[in-house]
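Let's take a walk through this protein together, one side chain at a time. Have a look at the sequence and the model, then read on.

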Amino acid sequence: MRKRAILITGASGEVGQALIRELAAENRLVSLDLAALPTELESQSTHVQGDLLDTHLLTRLVSEYEIDVIYHLAALLSTRAEITPEMAHEVNVEGTLGLLRLAAEQSQWRAQPIQFIFPSSIAVYGMPDRESKNLYARVREFEWNQPRTMYGCNKLYCEMLGSYYSRHYRQLAAQKPVTLDFRCVRFPGLLSAFTLPAGGTSDYGPEMIHAAARGEPYDCFVREDARIPFMAMPDAVHALVELAHAPVEALRRQVYNVTGFSLSAAQIRDRVQAAFPAAEIRFAPDLKREAIVDSWPADIDDTAARLEWGWSPAYDVERAFNEYLLPNVRQRYQRAVAT
Ligand code: AKB
């Protein structure tokens with residue numbers, strides 16, 4: 001008899017770790033990542049250390065587990081994807097395609113849709129210039145879908161693949177098969193107090209906060225007025241879980257913007273500097289990474305998520321900094337110094 005499971009890919013990454021903590025009480029987590037889980041999470045999930053692209057591994061997983069929900073988080077982020085674009089395509093697109101196909105086949109086999117929850121990103125947007133970015137400050141899901149990064153292209157295409165596998169897969173077959181239940185949120189930059197991102201372009205936000213708490217100087221790689229939306233990590237995890245729990249009849253689309261607040265790099269600096277007066281933060285733009293940030297919208301409109309499945313972030317900018325980020329990073333690095 002196969003064991004019922006919730007599968008989390010990319011589980012050792014930032015969102016993965018936070019999601020494991022959130023869902024641990026379910027007692028049926030199976031996690032997959034090239035890297036090991038941090039020691040403190042090992043007891044919370046059955047971890048498989050391996051490659052998403054290994055089809056034998058995926059077949060083994062479905063032979064052992066009856067997977068009800070897949071949170072597919074594994075991806076190479078935007079800066080890293082620009083350094084190795086073809087590898088990013090392989091992981092971000094082919095990895096997703098393999099998993100979608102597996103989920104579609106399992107849905108068919110079980111005559112019941114498997115849920116496929118997919119985090120997309122503000123990287124799917126591509127504002128052509130700063131004037132347009134200022135003029136169209138809050139973009140909706142269907143606007144400006146002209147990404148300028150490999151990662152953005154990958155995410156946009158995978159949103160479409162998700163839609164294809166859930167609505168049109170095997171559309172010419174005599175009997176249309178049961179397909180998967182694909183749901184997707186587009187995340188802004190994420191801010192975690194407990195982990196740091198690797199290889200993203202919104203990373204200057206969290207890096208500035210963590211560097212100040214560690215007492216290290218920080219050179220911010222975008223200019224002071226560069227602005228994008230952000231969200232506190234607990235809200236990101238709630239968005240994924242709440243979307244998964246939303247009744248299917250309430251959902252009129254498959255892809256939803258979700259966001260917390262919009263901040264310029266200078267506004268992040270000001271908040272960090274107020275909390276850590278000795279912080280040394282300089283602006284030393286890397287023009288190529290800055291251009292990627294400039295192509296992302298200043299803010300996104302998450303009205304559809306609010307109306308259709310009751311999305312509402314628990315952390316506005318004040319709460320995010322004063323109640324979540326600053327106290328937790330302070331404690332984290334104080335503890336590190338003390339031990
Ligand atoms: C990145 O910077 O690549 C990610 C994202 C905005 O999706 N954090």
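Aspartate 54 counts as partly exposed because its relative accessibility is 32%; on this scale buried means under 20% relative accessible area, exposed means over 50%, and partly exposed is anything in between (1.4 Å probe, protein chains only). You'll find aspartate 54 in the loop between β3 (46–49) and α2 (55–64). Helices (H or I, at least four residues) and strands (E, at least two) are DSSP runs, numbered from the N terminus.

A quick word on what you're looking at: this is a predicted model, where local features need pLDDT of at least 70 and side-chain atom pairs count only at pLDDT 80 or more, while totals for chains, interfaces and linings use all residues. Residues are numbered from 1 along each chain as its sequence is written, and side-chain values use heavy atoms, with hydrogens and water left out.

Now for some charge pairing. Side chains of opposite charge can pair when their charged atoms come close. The structure holds 28 salt bridges, each being a side-chain nitrogen of Lys or Arg within 4 Å of a carboxyl oxygen of Asp or Glu. One of them joins arginine 4 to aspartate 68, with the closest N and O atoms 3.1 Å apart. That pair links distant parts of the chain, since arginine 4 sits in strand β1 (residues 3–9) and aspartate 68 in strand β4 (residues 65–72), 64 residues apart. Arginine 4 is partly exposed at 46%, whereas aspartate 68 is buried at 14%.

Another salt bridge brings arginine 223 and glutamate 290 together, with 3.2 Å between the closest N and O atoms. Arginine 223 lies in the loop between β9 (218–220) and β10 (227–232) and glutamate 290 in helix α10 (residues 287–295), so the pair ties together parts that are 67 residues apart in sequence. Arginine 223 is buried, at 16%, and glutamate 290 is buried too, at 5%. Elsewhere, salt bridges that share partners join Arg2, Arg4, Glu26, Arg28, Glu66, Asp68 and Arg110 into one network.

What about the rings? There are 12 aromatic pairs in the whole structure; rings of Phe, Tyr and Trp (its six-membered ring) pair if their centres lie within 6.5 Å, and planes under 30 degrees apart count as stacked, over 60 as edge-to-face and the rest as tilted. Tyrosine 315 and tyrosine 324 make a tilted pair, 5.7 Å centre to centre with 50 degrees between the planes. Tyrosine 315 is buried at 15% relative accessibility, and tyrosine 324 is buried at 6%.
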